[in-house]
Amino acid sequence: GNHVLQKFIVAAPGVSALVIASELSGRAVAAAQHKTRSRVLERLLEHCVLEEVFHLVEELLGSAVSLCRDPFGNFVMQRLLEHSGPEHRHRAALAIVPHVCKLARHRQANNVVRAAI
């Protein structure tokens with residue numbers, strides 16, 4: 001399951017992104033908080049162009065602060081900051097800034113804060 005999807009994304013990002021992203025549509029936040037589905041989201045963010053995963057990124061940004069604190073979601077947010085376009089990085093930073101002091105001291109979230117800097 002999970003490993004096959006990740007390999008599929010790496011091998012054929014355009015084709016796989018459309019299929020997998022449509023399956024995750026409306027469930028991106030829940031997937032980001034899941035042990036194995038979060039890795040699928042990470043591969044999508046790493047290997048697909050923004051247009052293919054735009055709606056997933058929009059969903060994730062709506063829960064940016066809670067995902068930063070999540071044991072799996074924080075990795076997804078780090079990939080989002082590393083691989084998304086300037087507008088989405090800016091919006092993620094805007095969501096994080098009001099909470100930066102608390103997030104910087106949080107076990108998982110501090111890694112996202114570092115990625116945003």
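The largest pocket is lined by Asn2, Leu5, Ile20, Glu23, Leu24, Arg27, Ala30, Ala31, Thr36, Arg37 and Val40. Two or more of these lining residues come from each of helix 1 (2-11), helix 2 (13-24), helix 3 (28-32) and helix 4 (37-47). The model is predicted.

**Largest pocket**

- The space in this pocket amounts to about 180 Å³.
- Helix 2 contributes the most to the lining, with three residues.
- By residue class, the lining holds six nonpolar, two polar and three charged residues.

- Asn2, Gln6 and Ile9 are the buried residues named in helix 1.
- These three lie on the same side of helix 1 because they cover an arc of only 60° around the axis.
- An α-helix has 3.6 residues a turn, so residues three or four places apart point the same way.
- His3, Val4, Lys7 and Ala11 are exposed on the other side of helix 1.
- Helix 2 and helix 4 are among what covers the buried residues of helix 1.

**Largest nonpolar core**

- This core has 32 residues, of which Leu41, Leu44, Leu56, Leu60, Met77 and Leu80 touch the most other members.
- Helix 2, helix 3, helix 4, helix 5 (50-61), helix 6 (64-69), helix 7 (73-83), helix 8 (86-96) and helix 10 (109-116) each give two or more residues to the core.
- Helix 5 gives the most, with five residues.
- Leaving aside residues up to four places away in sequence, Leu41 touches Leu24, Ala28, Ala31, Ala32, Leu56, Leu60 and Val76.
- Of these contacts of Leu41, Leu24 and Ala31 also line the largest pocket.

Terms used. Residues numbered from 1 in each chain as written. Predicted model: local features only at pLDDT ≥ 70, side-chain atom pairs only at ≥ 80, totals over all residues. Heavy atoms only, no water. 1 Å grid on protein atoms, 1.4 Å probe; cavity = no way out; pocket = protein on both sides within 12 Å on 5 of 7 lines; lining within 4 Å. Points joined across faces, edges and corners; volume = space filled by probe spheres on them. Helix = DSSP H or I, 4+ residues; strand = E, 2+ residues; numbered from the N terminus. Nonpolar A, V, L, I, M, F, W, Y, C, P; charged D, E, K, R; others polar. Buried < 20%, exposed > 50% of the residue type's maximum accessible area, 1.4 Å probe, protein only. Arc of directions from axis to C-beta. Contact = heavy atoms within 4.5 Å. Core = buried A, V, L, I, M, F, W, Y, C linked by side-chain atoms within 4.5 Å.
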